[in-house]
Amino acid sequence: MHKKMAFSFPDEVLEHVFSFIQSDKDRNAVSMVCKSWYEIERWCRRKVFVGNCYAVSPRMVIRRFPEFRSIELKGKPHFADFNLVPDGWGGYVFPWIAEMAGAYPWLEEIRLKRMVVTDESLELIAKSFKNFKVLVLSSCEGFSTDGLAAIAASCKNLKELDLRDCEVDDLSAHWLSHFPETYTSLVSLNISCLGSDEASFSALERLVRRCTNLKTLRLNRAVPLDKIANILRHAPQLVEFGTGTYTADVRPDVYSDLAGVLSSCKELKSLSGFWDVIPDYLPAIYPVCSKLTSLNLSYATIQSPDLIKLVSHCPNLQRLLVLDYIEDSGLEVLASSCKDLQELRVFPSDPFGAEPNVSLTEQGLVAVSLGCPKLQSVLYFCRRMSNEALVTIARSRPNFTRFRLCIIEPKTADYLTLEPLDVGFGAIVQYCKDLRRLSLSGLLTDRVFEYIGTYAKKLEMLSVAFAGDSDLGLHHVLSGCESLRKLEIRDCPFGDKALLANAAKLETMRSLWISSCAVSFAACKLLGQKMPRLNVEVIDERGPPDSRPENCPVDKLYIYRSIAGPRFDMPPFVWTMDEDSGLRLS
Amino acid sequence: MSEASSYLAETELELGLGLSIGGPTGKINKASGRILTAKDFPVPRRASMNGGTPPSVTVSGTKRAADQSVPHDGGSPTATSQVVGWPPIRSYRMNSLVNNNQAKAPRAEEEHKGINEEEEEEEEDKAIKDGSKQKKPNENLGHIGFIKVNMDGIRIGRKVDLNAHSSYHSLASALENMFLRSAGAEKQQLTMPSKLLDGSSEFVLTYEDKEGDWMLVGDVPWMMFLTSVRRLRIMKTSELRDSTKGTELKEVN
């Protein structure tokens, strides 16, 4: 029985309407309205986002979305950033490129995060996609400058090449010269992660000179300060600029060149780089400071007084990344000068030092929370915290969406009361109703998880380390956090009970990482057997988990939902628990 | 633990990877899979792959003697216990911190160095220039952790966590597992150590030290190795011998 809708639009009309819907979430919602909408939507989806490259196979994606132009893929779990995921775990992009090369000669954009990208993959991209425009590799590894040369040589329409925080085998700086002399379409180039070896300055200069649409240029450490003026002279239209090394013999001509050329960059809104800063050269950027909205000084080893001077010149700052050299005093100045601040990241300059080397405490964070009404995202490393400070922060800044606090020494208690920091973090989740991302640290009991389960209804990502007392903690989170998508846990006393009791929850999440906890091999097997739509991966470099008693805890466990089934590219230290795991491993 | 005795245990190893480069007399050590260690050579060998004349023996000797005087007390404790991946700082940022700390306070470290006077300045200059790991021998072990390992013939490099090992034995074992015992096919290679028909290992373990020179692994005390290693390379023995790039080793065969 098919009842035709009294009003049904022709497909083209619906397509046109859908074209205004860009967000992935909304597109997914649209596709679930009814069968015909699903069909129409899938034919006109142009951007595909795959949050976990193993959740679905390339073929499935291609089958469903026959005409996409842009794909974003994420590979390794987040904790890979901190070396918790052994090398060789996976996340290879090549199978995706290979499938797409055949199906989509018109693919334009590829964005990858935490994936293994080989030169072979890059060469295949260069060869297969004639209209290729955007390549963004974020925290990727496995390729060399040879692969980049292939991209440069073949992609005539390339607009964006962004290598953020990648590990690149720097074989030769001359890959840049592979951009043909006729190539002028570059809009964004980020090579800040490339090595410190000699760069090809003349090729870089020529490239910048002929690409008159260049808006973003982030150089690597190898580019010395005295070369920057020459490069910038040809690009006064830049909006985002990352310096190379910011050190040189202090010479008046270098300084005046730099100051002059920077002041002619009227569109500059974002600065980064600043390796090896010599404070004498800082005033050269003052002329552009008033327009700056984003400043990344997290590699600049300058002390508080210079930082304060700099920051007070930037009233329109929205985003600041800085080392803890800024100290509490600097953050107080920030709080009074930068009322538009939305995001702050403070990194430790000496994370392994026995004693604090700078005067940066919870007070700095309190000051900024009190003083900056638009602050919504924070990543803060410090050495002490109190419940009182956290409550103040929560009350004054309920608009936090991302709150990541790292108290450097694990299990550090409230320094005033010596109590756990449960109440403080509890206040954060209670007051910040739109909190989407939270990282915990310090001394924490099961109680904090009770607060989180009760209040953090919009929380999507939670990172936990050295916290909790028992399975109850994990249970609170899994049963209470309705919006939870990613959960990563390390070194907590969480075991089988909470995991098994909330097995169904895991299918509603993208992934769960648990390492150095108390989850037994038996529980992993059970989970694998009972939940066919989950990939339960045991990662253990000590050897096969069945060579130890079943009740032994596994080293690392990564669970993610997938419609592609278990993967086949696992290294010898990864085992997938599936329906036959009981049979196969015995 | 004296240098000699620390290697005794290691010489008993059966390993697919070997450091079996012949000694000064030109003989190739026939022991299968044995790590040849410094006691097989009167002076450290430099696998100088970067061209140029190899350093003179005296310099090496001085360096070695100097290195020996560095106290290796098994790791001076720092405030944070050296836990893997904590605090959660990404490795590129960590490397940048190391370079910064080094460039900032070379003078302050003088009393900790314990190496020859004449060496000091040379090493400082080099260190600042190439931004290598910090010179204090037992610090920063918390993040010296992962270094790159490449094996000839294998495209994708790997990373090994040096923190997880306390001896050459353990490291070599791990590398074997990583490279020679990959999924599926190579079950055969589990018995590789004893399968060395011609008596010499197919592969040699070398490392790049903080001065950019390639050295044989096993040359120096483990702790000293930890402070100077930048990355590892499992090199084909044949390539090492055939190298014409001015290495002393070429006359050894």
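In this predicted model, helix α12 (residues 304–312) and helix α13 (residues 327–337) of chain A have axes that come within 9 Å and cross at roughly 5°. Because angles under 35 degrees count as roughly parallel, α12(A) is roughly parallel to α13(A). On the α12(A) side the contact is made by A:Ser304, A:Ile308, A:Val311 and A:Ser312. On the α13(A) side, A:Glu327, A:Ser329, A:Gly330, A:Val333, A:Leu334 and A:Ser337 take part. Sorted by class, the contact between α12(A) and α13(A) holds 4 nonpolar, 5 polar and 1 charged residues.

Strand β13 (residues 319–323) of chain A contains A:Leu323. This residue is buried, because its relative accessible area is 2% and the cut-off for buried is under 20%. Leaving aside residues up to four places away in sequence, A:Leu323 touches A:Leu297, A:Ser298, A:Tyr299, A:Ala300 and A:Thr301, and also A:Val346, A:Phe347, A:Pro348 and A:Ser349, among them. Its contacts also include B:Leu97, a residue of chain B. A:Thr216 lies 107 residues from A:Leu323 along the chain, and the C-alpha atoms of the two are separated by 24 Å.

The next element to consider is strand β15 (residues 377–382) of chain A, which is mostly covered, with 6 of its 6 residues buried. In a regular strand, side chains alternate between the two faces of the sheet. In β15(A), A:Ser377, A:Leu379 and A:Phe381 point one way, while A:Val378, A:Tyr380 and A:Cys382 point the other way. The residues of both sets are buried.

β15(A) has paired strands to describe. Strand β14 (residues 343–347) of chain A runs parallel to β15(A) and is joined to it by 4 bridges. Here A:Leu344 stands opposite A:Val378 of β15(A). Strand β16 (residues 402–407) of chain A also pairs with β15(A) in the parallel sense, over 6 bridges. In this pairing A:Ser377 stands opposite A:Arg402 in β16(A).

β14(A), helix α14 (residues 362–371) of chain A and β15(A) form a right-handed β-α-β unit. A right-handed β-α-β unit is also made by β15(A), helix α15 (residues 387–396) of chain A and β16(A).

Elsewhere in chain A, helix α3 (residues 35–44) has A:Ile40, A:Glu41, A:Arg42 and A:Cys44 buried. The buried residues of α3(A) pack against α1 (11–18), α2 (24–31) and α4 (58–64) of chain A.

Notes. Residues numbered from 1 in each chain as written. Chains lettered and ligands numbered in written order. Predicted model: local features only at pLDDT ≥ 70, side-chain atom pairs only at ≥ 80, totals over all residues. Heavy atoms only, no water. Axes fitted to C-alpha atoms, helices over the stretch in contact; angles between N-to-C directions. Helix = DSSP H or I, 4+ residues; strand = E, 2+ residues; numbered from the N terminus. Parallel < 35°, antiparallel > 145°, perpendicular 65-115°, else oblique. Contact = heavy atoms within 4.5 Å. Nonpolar A, V, L, I, M, F, W, Y, C, P; charged D, E, K, R; others polar. Buried < 20%, exposed > 50% of the residue type's maximum accessible area, 1.4 Å probe, protein only. Pairing = 2+ DSSP bridges. Right-handed = clockwise from strand over helix to strand, strands pointing away.
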